[in-house]
Each structure stands twice: as C-alpha cells, then as structure tokens.
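Open the structure in your viewer and keep the selection tool at hand. The tour goes stop by stop.

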Amino acid sequence: MKTQDLIAEAVSLPIDERAKVVDSLLRSLNTPEAELDKKWVEVAKHRLQQLQSGEVTAIPSAEVFKKIADRFQ
C-alpha cells in the first residue's frame, strides 16, 4: 500500500480511531520509557510541592512569553 493511500484511509476513519492511529504512530517514534517517565513524575510532584508550600513563586505565562519574545526583537 502506498503512503498516500494509507493516509487517505486513515483520514476516513472516525475521529476516535484516527486518534488511536496517531497515538500509535507517535509512540513508535518516541517509545515510552517507564523509568524516565517515573523520574518526570517525581520532578513534577516536587515542583508542585514547592509551589504549594510557597518555596517558589509561579510566574504568569504571559510574563514568561513576553520575556522570550523581547529577546528575539
């Protein structure tokens, strides 16, 4: 089967089936690594704890993106 034919067939699927196809393709490109995922969960929990305790203060996203944009102007 040609790539274009495969794409045309996939596009004709119901949205939930297309989502499954996309998920499967993305996973094939970036295979999940349980140990790495576990470490990221630990980091996320630690950062959340820091925010909740007041140890760190969040910066509004608009401010962060403005600073980034300013760097490229």
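**Stop one: a glutamine**

Select Gln50. Leaving aside residues up to four places away in sequence, Gln50 touches Glu55 and Val56; contact means heavy atoms within 4.5 Å. Gln50 sits in helix H3 (residues 34-53). Helices are DSSP runs of H or I, at least four residues, and strands are runs of E, at least two, numbered from the N terminus. Gln50 counts as buried because its relative accessibility is 16%; buried means under 20% relative accessible area, with a 1.4 Å probe and protein chains only.

This is a predicted model: local features need pLDDT of at least 70, side-chain atom pairs count only at pLDDT 80 or more, and totals for chains, interfaces and linings use all residues. Residues are numbered from 1 along each chain as its sequence is written, and side-chain values use heavy atoms, leaving out hydrogens and water.

**Stop two: the whole protein**

Zoom out. The protein has four helices and zero strands. Its radius of gyration is 20 Å, well over the 11 Å that the globule rule gives for 73 residues, so the protein is more spread out than a compact globule. That radius is taken over C-alpha atoms, and the rule is 2.2 Å times the number of residues to the power 0.38. Along the principal axes, the C-alpha atoms fill a box of roughly 55 × 40 × 20 Å. Of the 73 residues, 1% count as buried.

Methods: Buried < 20%, exposed > 50% of the residue type's maximum accessible area, 1.4 Å probe, protein only.
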